[in-house]
Amino acid sequence: MVVYFSAPLVQTLTLTHLPYLTLNKDTWNLCRSNSWVKHRSVNANSNCKETKLGQSCSFAMCASHSSSGSYQNSKRVWIWTQSKEVMTASVERGWNTFVFSSKHQQLANEWSLIALICPLYVEEGGIFDNENRRVATIFEVSNPQELLQLKPAKGEEENVVINLLDWQVIPAENIVAAFQDSQTTVFAISKTPSEAQIFLEALEQGLGGVILKVEDVEAVLELKDYFDRRDEVSNLLSLTKATVTRVQVAGMGDRVCVDLCSLMRPGEGLLVGSFARGLFLVHSECLESNYIASRPFRVNAGPVHAYVAVPGGKTSYLSELKAGKEVIVVDQKGQQRTAIVGRVKIETRPLILVEVKRDLDTQTIYSILLQNAETVALVCPCQETGHQKTAIPVTSLKVGDEVMLRVQGGARHTGIEIQEFIVEN
C-alpha cells in the first residue's frame with residue numbers, strides 16, 4: 001500500500017505547465033525527495049521529471065498516479081495540511097503534491113521517506129520547489145482595489161495562487177475573466193470542499209486548480225467524490241433498444257414532476273423505472289405543443305415508488321428527491337450530465353403502464369408507470385435516415401414501438417448496486 005504524506009500546505013493543483021506523469025513501477029522507488037537544497041536540501045533523483053514553469057522557473061515533479069477522468073486531468077489539487085491521515089488519503093487518491101511552510105522542512109523529510117511526494121514550500125510571498133526556484137506567487141485579496149491590481153503580466157507564465165480573504169464567488173469570476181487569454185495558471189486556497197467547488201466552477205471554466213488547506217480526511221474524500229462525479233459526464237452510458245410489449249391504463253396514483261435548475265434539449269431526460277434493473281429514458285417537457293407552453297426544465301417522471309438515476313452509479317426513489325439533490329440528465333446517445341433539482345411536485349394523476357422486452361432477452365420484463373398525458377413521452381432510438389424523432393408520447397405508444405432503456409444490476413441497497421439474489425415483478 002502506498003502512503004502519501006500530508007503537510008501544512010499539501011496541494012494537488014491543475015497547472016497547464018505541470019502535466020500528469022505516469023509512474024512506471026520500475027521507477028517507483030527511485031523518485032523521491034529526501035533532503036533540502038539551500039533552506040531545504042532535497043535530493044531528487046534522475047527519475048523525477050522537471051517541467052518548465054515560465055522563463056526561469058522550473059518545478060521538479062515526481063511521476064505520480066493520475067485519474068483517467070478528463071476533468072481531473074484538467075484541474076489540479078494541492079493539499080496543505082499537517083495531518084498524516086490527510087496526506088495518506090490524498091496520495092491514495094492520486095494527489096501527491098504538497099506545500100509546506102518553510103518551518104516544516106522536517107515534516108517534509110519524514111513524509112518523503114514513506115511516500116512518493118512532490119514537496120513545495122511557502123516563503124516570502126511565493127511557493128518554491130526543492131531547489132529554491134519560484135513555482136508560483138501568492139496574492140492575498142481582501143478588497144476590490146487589490147483584486148483590480150491582480151492582472152496577468154505580459155510575456156510571463158508564472159503561476160498565481162490567490163487567497164481570497166473576503167468575498168469569493170464574484171472575485172473568482174473576475175479572475176477567471178481577467179486571465180482567460182493568459183498562459184498564467186491561477187489557483188485558489190480553499191478551506192473546504194465547497195469553497196474548492198466555487199473556484200473550480202467560476203464562470204463555468206473555473207480556475208486552474210485549488211489548494212485544499214484542511215486537517216480533516218473527510219474534506220479530501222468529499223473533494224475526490226466531486227471530481228469523480230464531474231468525470232462521469234465524460235463517460236457515455238450504455239443504452240439499448242427495447243420493444244414495447246404492453247400498454248395499459250392503470251388508474252390513479254401519486255406522480256412526481258422533477259423541475260431542474262438546468263434547461264434540457266430535445267432528446268434529453270431522466271432515467272426512471274419501476275425496477276432498478278431497467279430504467280427508461282423519460283423525455284423532458286421541452287417540446288412545443290398547441291395546448292400548453294413547453295417547460296424544458298421539467299420531467300414528468302412517474303410515480304413516487306419509481307427509481308431514478310443519480311450520480312455515482314446510484315439510484316434514488318422519486319419520492320426522495322428534493323431541492324438541492326443531483327440527478328443525471330441523459331440523451332439518446334447516452335451522453336450524460338449532472339443537474340440540480342430545484343423543485344419536486346407530487347400530485348395525484350391518472351397513470352399508464354408500459355412494459356418492454358429486449359430482443360436478446362425475451363424473458364425479462366422491464367416496466368414503468370407514467371402519467372397518462374400527451375406531454376409525457378419516452379425517448380426513442382436515433383433514426384439513421386429520414387425524419388429525426390426524439391420521443392413518443394405515452395398516449396400514442398403502441399405495441400412494437402421502440403424506446404431507449406438502460407439495463408443494469410437489479411439488486412440495490414440504499415441506492416447502491418449490490419450482488420444478491422432478487423426477484424421483482
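Which side chain does a polar contact of 3.2 Å join to that of Ser83? The partner is the side chain of Glu85. A polar contact is a pair of N or O atoms within 3.5 Å; within protein, one must be able to donate a hydrogen and the other to accept it, and residues adjacent in sequence count only if both atoms are side-chain atoms.

This is a predicted model, in which local features need pLDDT of at least 70, side-chain atom pairs count only at pLDDT 80 or more, and totals for chains, interfaces and linings use all residues. Residues are numbered from 1 along each chain as its sequence is written, and side-chain values use heavy atoms, with hydrogens and water left out.

**The chain overall**

- The chain has 7 helices and 25 strands. Helices (H or I, at least four residues) and strands (E, at least two) are DSSP runs, numbered from the N terminus.
- The chain holds 425 residues, and 53% of them are buried. Buried means under 20% relative accessible area, exposed means over 50%, and partly exposed lies in between (1.4 Å probe, protein chains only).
- Take the contacts in the chain with a separation of 6 or more: 66% of them are between residues 24 or more positions apart. A contact means heavy atoms within 4.5 Å.

**Aromatic pairs**

- The whole structure contains 7 aromatic pairs. Rings of Phe, Tyr and Trp (its six-membered ring) pair if their centres lie within 6.5 Å; planes under 30 degrees apart count as stacked, over 60 as edge-to-face and the rest as tilted.
- Trp78 and Phe187 form a stacked pair, because their ring centres are 5.3 Å apart and their planes are at 25°.
- Trp78 is in strand β4 (residues 76–80) and Phe187 is in strand β10 (residues 186–190), so this pair ties together parts 109 residues apart in sequence.
- Both partners are buried: Trp78 has a relative accessible area of 1%, and Phe187 has 0%.
- Phe100 and Trp111 form a tilted pair, because their ring centres are 5.7 Å apart and their planes are at 55°.
- Phe100 sits in strand β5 (residues 97–101) and Trp111 in helix α3 (residues 105–114), 11 residues apart. Both are buried.
- Phe100 and Trp111 also belong to a cluster, linked by ring pairs, with Phe98 and Tyr121.

**Charges over rings**

- Lys213 lies over the face of Trp80, 3.9 Å from the ring centre.
- Arg277 lies over the face of Tyr366, 5.9 Å from the ring centre.
- A charge sits over a ring if NZ of Lys or CZ of Arg is within 6 Å of the ring centre and within 35 degrees of the ring normal.

**Nonpolar cores**

- The largest nonpolar core has 40 residues, and Val77, Ile162, Ile175, Leu207 and Leu223 touch the most other members. Such a core is a set of buried Ala, Val, Leu, Ile, Met, Phe, Trp, Tyr and Cys residues joined through side-chain atoms within 4.5 Å.
- Helix α7 (residues 217–232) gives the largest share of this core, 5 residues.
- Leu223 touches Val77, Trp95, Pro193, Ala196 and Leu212, leaving aside residues up to four places away in sequence.
- Another core, of 36 residues, lies apart from it; Val327, Val341, Tyr366 and Ile368 are among its members.

**Helix α5**

- Pro171, Ala172, Ile175, Val176 and Phe179 are buried in helix α5 (residues 169–179).
- Seen down the axis of α5, its buried residues fall within an arc of 140°, so they line one face of the helix. The arc is that of the directions from the helix axis to the C-beta atoms.
- The cover over these buried residues includes α4 (144–148), β9 (159–164), β10 and α6 (193–201).

- Ser83 is in the loop between β4 and α2 (84–92). Ser83 is buried, at 10% relative accessible area.
- Gly209 is in strand β11 (residues 209–213). Gly209 is buried, at 0% relative accessible area.
- Gly209 and Ala196 are 13 residues apart in sequence and 8.5 Å apart in space, C-alpha to C-alpha.
- Glu124 is not a glycine, yet has a positive phi of about 55°. Glu124 is in the loop between β6 (118–123) and β7 (126–128) and is exposed, at 71% relative accessible area.
- Asn132 also has a positive phi, near 65°. Its place is the loop between β7 and β8 (134–141).
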